[in-house]
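The sequence and structure are shown first.

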Amino acid sequence: TVLALDEETNCVIGSYEREDEAGVLLLVEYENEQKALVAFKGFLSSYLPEAERPVIAQERNGRWTHVTSDGPFVLAVFDAPNTDWTTKLLSEVKLP
């Protein structure tokens, strides 16, 4: 799979709304940082090859996607109204 999901992977996805706008947050926890980086790079090469760093890209529908990794985690915001919205949502995620 693009995100290298397996029986050792934990993930959660949720829809978030603020300021009359909504987006989707995906949080994936891998067994270790190496697996997370492999998944992160695989996702980028498959879905956001044109994205610059930080990995924020505007989709064809005009909405925004923002993907990052942090230790054994890959975090992604999809279908967001703008880049500030994605950055703010990711900044509010508290990882262990």
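## The pairing of β1 and β2

In this predicted model, nine bridges join β1 to strand β2 (residues 21–29), and the two strands pair in the antiparallel sense. Within this pairing, Tyr16 has Gly23 of β2 standing opposite.

## Helices on the sheet

Two helices pack on the sheet. Helix α1, residues 33–47, touches β3, β4 (64–70) and β5 (73–80). The direction of helix α1 makes about 160° with that of β4.

Helix α2, formed by residues 83–91, touches β1, β2, β3, β4 and β5. The direction of helix α2 makes about 145° with that of β5.

## The sheet as a whole

The five strands form an open sheet with antiparallel pairing, in the order β1-β2-β5-β4-β3. Because β1 (10–18) and β3 (55–58) stand at the edges with a single partner strand each, one side of each is left without a neighbour in the sheet. On average, neighbouring strands are turned by 15° against each other, direction ignored.

## The two hairpins

Four bridges hold the antiparallel pair of β3 and β4, in which Ala57 stands opposite Thr65 of β4. The hairpin of these strands has five residues between them, and Gly62 takes a positive phi near 90° there.

The antiparallel pair of β4 and β5 has six bridges. Thr68 has Leu75 in β5 as its bridge partner. Two residues lie between the strands in the hairpin of β4 and β5, where Gly71 takes a positive phi near 60°.

## Order of elements and overall dimensions

Two helices and five strands make up the secondary structure elements of the protein. Read from the N terminus, these elements run β-β-α-β-β-β-α.

Along the principal axes, the C-alpha atoms fill a box of roughly 35 × 30 × 20 Å.

## Burial, contacts and surface

Of the 96 residues, 33% are buried. Among contacts with a separation of 6 or more, 46% are made by residues 24 or more positions apart.

Key. Residues are numbered from 1 along each chain as its sequence is written. This is a predicted model: local features need pLDDT of at least 70, side-chain atom pairs count only at pLDDT 80 or more; totals for chains, interfaces and linings use all residues. Side-chain values use heavy atoms; hydrogens and water are left out. Two strands pair if DSSP finds at least two bridges between them. Axes are lines fitted to C-alpha atoms, for helices over the stretch in contact, and angles run from 0 to 180 degrees between N-to-C directions. Contact means heavy atoms within 4.5 Å. Buried means under 20% relative accessible area, exposed over 50%, partly exposed in between (1.4 Å probe, protein chains only).
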